Amino acid sequence: MMQHPKSESGPILSLNDHALDSILTGLDKASLLVMSTTCQAIRKHCLPILFHEASVVSKTSCIQKRFLPENLWRYVSVLHLVDHCLDMYTGTPLDLQERLWFAPDYLLCGIYDSLTLQNALQHMPQLHSVQLHMWDTIATHGLPWSVLRPILSLPNLREFAIQFLRFAPDACSKEALAFNSPAPLTSFECTLNHRRVAAPYGPVEGNEQLALSVVLHGIHQTLERLVLTTDHAPLDDICFTLSWPCLRELVLRGEFRTVGDPPLPFVRLLANMPKLRNLDLRISQPPDIEPQPVWPADLPNMLLPWPGLQQLTVSCPQPDDKVYAALPYSLRCLSLRYYPHLSTHQWTLRDERVWREWQWPLLGSSDVLRILRACDLPVLEHLELEYVENDADDDLLRFLGSAFAPTMTSLTIRRYRRKPSTHVPLDGICEALGALPRLHTLSLHLDFHDTPKVYYRPLRVGGYEEYRLEDICAFEEKLLGVANMLARALGPALEMVKLAMPWVGGGAAWLEYDIFREAGGAAHAQYVHTDIGKGRKVQRRMR
């Protein structure tokens, strides 16, 4: 191992390469930048750490002189390409201009030159992950196949993600989608924002399904992780045509879609994925369709097709779903929730409600209790519940302690009141959750009656909605008191409490509190993050 000779820069250079790299890796980016200016020898060790993960934000044509400098390409392992093209606003409620600057169609981004991009990526020997993002998450904009194909053909690429951008909306036929040398990907993610603006010139999901089908036919044998939005996912190919010998994680987000004739439940649709460890079904429910169980009660008995399942997320859970009684002993995480969360919808400002109409057929405490009693989960560590309280609320909360006390370390509850006048029994909730001695992270949405309300501020023409700062501050102080009650009531393992409240920009957020214990055993909560300059708490937006 190489030893650096002592120099004027100090004894740090007398360390061997491994020791020096270990020290530098532990520094934050600002400190690394300072260290990189000390001398050439240290700079040589800083650059691979600084540019291991790089981001390129593009507003105009992304030609070579506006791309990442060529002398840094060899260090990049993870590359983020952020599309900030002005054309994304054309034809939407966010329209800022009357003409397109870089492409003939607002759906297609024209700022990326495919040859320039291909040349740069092919000269990044460490590159294994490319992630494409859109600057504005609710606009309608996409990348053409001529840009996507060279990226997906890189022989050293293992992870690919495209978030909130349309996937090859220009795809018109399989013949035009030549894809002869797919990368041996282990992770593929293609998601749209559920709050996106609807396309004004008609749907493009058909073209995207075609392009995604071609890509998945090329990579399905090596994939271990697949994340898709149901709106444009080629579900027929995924469920009936392709095999998934390595797939361990499947995430489906978006509106409920039927597949098959007659429509088949998920337990049949996803039976070709025997190695699944994580099944995440974040499916929103249209108002005209009844929620469907994963495993309907009238379906003949069979073996669960995912015997090694460790994580399961179900949206719009149904109490008569047979999947819960069939869950394997290996399950460690169970989430019974709605997508998006009802609280996210309730607390979103009217001006931002660009999503489609959905329904939230919330289960009551009694139905959730019925589901949990059907489960036999001896190693369950994390549980997430979303429900409306009823007369079985105490029984449900006490059941958590009797059933999962030996193993549960993380619990998330979104509990809604059935009537506006219903009192939130904090003492009872604290007492029931105190029966979970290993719990170290607790996240609660308790739907308090004095949660800040939206205020409409009129203008000379129109107006807008906002939350009053004084209401937010008062509610934050109340939540600190709640966090202290929980800290005192729960066991010594408790390390963090998260409490839900409206996000200042609309939507739901978590306020996070660390739990500290004094020598005598007394516990108190303290905000994890504070903006010292403004004296304001930092909220983490709920997903």
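Q: What is a cavity, and which residues line the largest cavity in this predicted model?
A: A cavity is a set of grid points where a 1.4 Å probe fits but cannot get out, and its lining residues have an atom within 4 Å of a point. The model is predicted. By that rule, the largest cavity is lined by Phe256, Phe266, Leu281, Ile283, Gln285, Pro291, Gln292, Pro293, Val294, Val314, Ser315 and Cys316.

Q: Which elements give two or more residues to the lining of the largest cavity?
A: The lining includes Leu281 and Ile283, and also Val314 and Ser315. Strand E10 covers 278–284 and strand E11 covers 311–315. The elements asked for are E10 and E11.

Q: How many charged residues are in the lining of the largest cavity?
A: About 100 Å³ of space lies in this cavity. Its lining has 9 nonpolar and 3 polar residues. The number of charged residues is none.

Q: Which residues lie nearest the centre of the second largest pocket?
A: This pocket has a volume of about 390 Å³. Its lining holds 25 residues. By class, 5 are nonpolar, 10 polar and 10 charged. Nearest the centre lie Arg282, Ser335, Arg337, His382 and Glu384.

Q: Which element supplies the largest share of the lining of the second largest pocket?
A: Strands E9, E10, E11, E12, E13, E14 and E15 each supply at least two residues. The largest share is 4 residues. It comes from E12.

Q: Which residue in E13 stands opposite Ser335?
A: Strand E12 spans 333–337, and E13 spans 382–388. The two strands run parallel, joined by 4 bridges. Opposite Ser335 stands Glu384.

Q: What is the handedness of the β-α-β crossover from E13 to E14?
A: E13 and E14 run parallel and are joined by 7 bridges. In one of the pairings, Leu383 has Leu411 of E14 as its bridge partner. The chain crosses from E13 to E14 through helix H12, residues 393–404, and the crossover is right-handed.

Q: Why is E13 described as largely enclosed by the rest of the structure?
A: Buried means under 20% relative accessible area. E13 is largely enclosed because the number of its 7 residues that are buried is 6.

Q: What span does helix H14 reach from its first C-alpha to its last?
A: H14 runs over residues 469–489 and has 21 residues. At 1.5 Å a residue, 30 Å is expected. Its buried residues include Ile472, Phe475, Leu479 and Val482.

Q: Is Thr116 buried or exposed?
A: Thr116 is found in helix H4, residues 114–122. Its C-alpha atom is separated by 8.9 Å from that of Phe67, 49 residues apart along the chain. At 16% relative accessibility, Thr116 counts as buried.

Q: Which residue does a cis peptide bond join to Tyr339?
A: Omega for this bond is about -10 degrees. The partner is Pro340.

Q: What is the phi of Phe164?
A: Phe164 lies in the loop between strand E5 (159–163) and strand E6 (166–167). Its relative accessible area is 27%, so Phe164 is partly exposed. Phe164 is not a glycine, yet its phi is positive, at about 75 degrees.

Q: What is the relative accessible area of Asp447?
A: Asp447 lies in the loop between E15 and strand E16 (454–458). Although not a glycine, Asp447 has a positive phi of about 55 degrees. Asp447 is buried, with a relative accessible area of 18%.

Notes: Residues are numbered from 1 along each chain as its sequence is written. This is a predicted model: local features need pLDDT of at least 70, side-chain atom pairs count only at pLDDT 80 or more; totals for chains, interfaces and linings use all residues. Side-chain values use heavy atoms; hydrogens and water are left out. On a 1 Å grid over the protein atoms alone, a cavity is a set of points where a 1.4 Å probe fits but cannot get out, and a pocket is an open set with protein on both sides within 12 Å along at least five of seven lines; lining residues have an atom within 4 Å of a point. Grid points are joined across faces, edges and corners, and a volume is the space filled by probe spheres set on the points. Ala, Val, Leu, Ile, Met, Phe, Trp, Tyr, Cys and Pro count as nonpolar, Asp, Glu, Lys and Arg as charged, and the others, Gly among them, as polar. Buried means under 20% relative accessible area, exposed over 50%, partly exposed in between (1.4 Å probe, protein chains only). Two strands pair if DSSP finds at least two bridges between them. A crossover is right-handed if, with the strands pointing away from the viewer, the path from the first strand over the helix to the second runs clockwise. The expected span of a helix is 1.5 Å times one less than its number of residues.
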